[in-house]
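My notes follow the order in which I checked them.

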Amino acid sequence: MAESETFHYRLLATDGRARRGEIVTPRGVIRTPAFMPVGTVATVKALYPEQVRDAGADILLGNTYHLMLRPGAERVAKLGGLHAFMRWERPILTDSGGFQVMSLAKIRKITEEGALFQSHLDGSRHMLTPERAVEIQCLLGSDIQMQLDECIELPAERREVERAMELSLRWAERSRRAFEAQRANGGAGPGQALFGIVQGGTDAELRRRSAEALVAMDLEGYAIGGLAVGEGHDLMLATLDATLPFLPEGKPRYLMGVGTPLDLIESVRRGVDMFDCVLPTRNGRHGLAYTWAGPVNLRNAVNAEDPAPLDAESSCAAASDYSRAYLHHLIRSGEYLGAMILSWVNTVFYQDLMAAMRAAIEEGRFDSWAQETKARLAGNA
């Protein structure tokens with residue numbers, strides 16, 4: 001079997017704990033550190049697939065919960081799978097749907113079997129088990145699939161965090177067996193992967209136990225879940241410091257749902273390889289642009305008569321082609337074009353940020369680059 005037909009990770013360079021690598025899949029190589037634009041319902045909001053590709057994204061994220069409810073995983077499979085359905089031929093990661101069950105479902109009940117919930121769309125009842133989550137993701141045809149886990153709101157009492165972590169570990173083992181069964185019957189191939197999710201809140205001991213148990217399952221990659229949920233930047237980083245040493249160097253490390261440019265820089269410094277977050281497109285739709293001189297709120301009146309481009313240093317043409325005054329007008333007028341332009345600008349910025357980090361790691365200058373870039377993004381350059 002050719003190397004390109006299997007899923008594997010290559011570590012190419014390190015600078016301190018920061019890692020530059022590649023995840024090899026049959027659908028293409030994912031350059032790490034990597035940021036995945038969020039394509040929740042088979043679309044990155046306000047962008048054409050070609051724009052996401054040309055921005056430099058090697059992989060994007062789709063959402064199991066939303067796609068299972070509409071249009072339905074079986075329907076997507078009949079239409080050729082998620083890649084063909086949304087015209088994205090590069091790799092796709094799908095989350096398990098657990099977070100959305102906890103945050104969006106009208107009524108939910110967690111048992112050992114799985115999560116029973118009512119759809120936020122029409123109130124219909126569904127049971128999402130670890131086995132069904134894997135089945136859905138195989139029907140979608142995603143390249144990287146996530147185990148079903150239980151997400152809880154923080155802060156929470158330690159015994160509740162421990163209970164959810166232990167349940168997530170049992171679900172991880174069931175997910176692993178279900179994924180192996182899918183491989184045996186042709187529902188998944190050697191180029192697809194299942195990742196486990198480390199849980200444990202901000203408790204270092206629980207995180208260690210979770211990580212060690214998942215590593216013993218010998219999965220293709222490992223995610224750190226349950227962060228960026230209000231615990232704060234410093235506590236998130238402390239949790240990463242307590243968790244990452246227990247994850248293997250030879251497999252990808254994915255921090256779920258993170259985050260701001262500062263979050264990304266500091267997490268890469270600690271050895272994280274993959275990220276996803278809705279911030280670039282969500283904030284773009286609400287008038288906030290990410291630039292190399294820091295964030296710019298185009299709703300603010302100070303932009304109303306400013307003929308300057310949004311960001312002359314951006315590789316995105318729109319950041320140079322349109323004035324701040326025009327973008328202010330579009331956003332204040334509620335025009336679709338404003339959301340489209342700023343989502344495009346932000347998506348390119350995030351991909352450029354990751355490319356700069358990869359280059360800095362390769363050249364052994366990550367610390368100096370990070371210090372300079374953080375000052376620039378804070379408006380202190």
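This is a predicted model: local features need pLDDT of at least 70, side-chain atom pairs count only at pLDDT 80 or more; totals for chains, interfaces and linings use all residues.

Helix α10 covers residues 261-269 and helix α15 covers residues 366-377. I read that their axes come within 11 Å and cross at roughly 170 degrees. Angles over 145 degrees count as roughly antiparallel, so α10 and α15 are roughly antiparallel to each other.

Next I looked up which residues meet. From α10 I noted P261, L262, I265, E266, V268 and R269. In α15 they meet F366, D367, W369, A370, T373, K374 and L377. By class, this contact of α10 with α15 has eight nonpolar, one polar and four charged residues.

I then turned to strand β6, residues 92-95. Which way do its side chains point, and are they buried or exposed? I found I92 and T94 pointing one way and L93 and D95 the other way, and all are buried.

Strand β5 (residues 60-63) pairs with β6 in the parallel sense over four bridges, and L60 stands opposite I92. Strand β10 (residues 144-146) also pairs with β6 in the parallel sense, over two bridges. There I noted L93 opposite I144.

My last entry is on an open sheet of three strands, ordered β7-β8-β9 with antiparallel pairing. The edge strands are β7 (108-110) and β9 (125-128), each pairing on one side only. Neighbouring strands of this sheet are turned by 15 degrees against each other on average, direction ignored. Between β7 and β8 (residues 115-118) I found three bridges, and K109 has L116 in β8 as its bridge partner.

Terms used:
Residues are numbered from 1 along each chain as its sequence is written. Side-chain values use heavy atoms; hydrogens and water are left out. Axes are lines fitted to C-alpha atoms, for helices over the stretch in contact, and angles run from 0 to 180 degrees between N-to-C directions. Angles under 35 degrees count as roughly parallel, over 145 as roughly antiparallel, 65 to 115 as roughly perpendicular and the rest as oblique. Contact means heavy atoms within 4.5 Å. Ala, Val, Leu, Ile, Met, Phe, Trp, Tyr, Cys and Pro count as nonpolar, Asp, Glu, Lys and Arg as charged, and the others, Gly among them, as polar. Buried means under 20% relative accessible area, exposed over 50%, partly exposed in between (1.4 Å probe, protein chains only). Two strands pair if DSSP finds at least two bridges between them.
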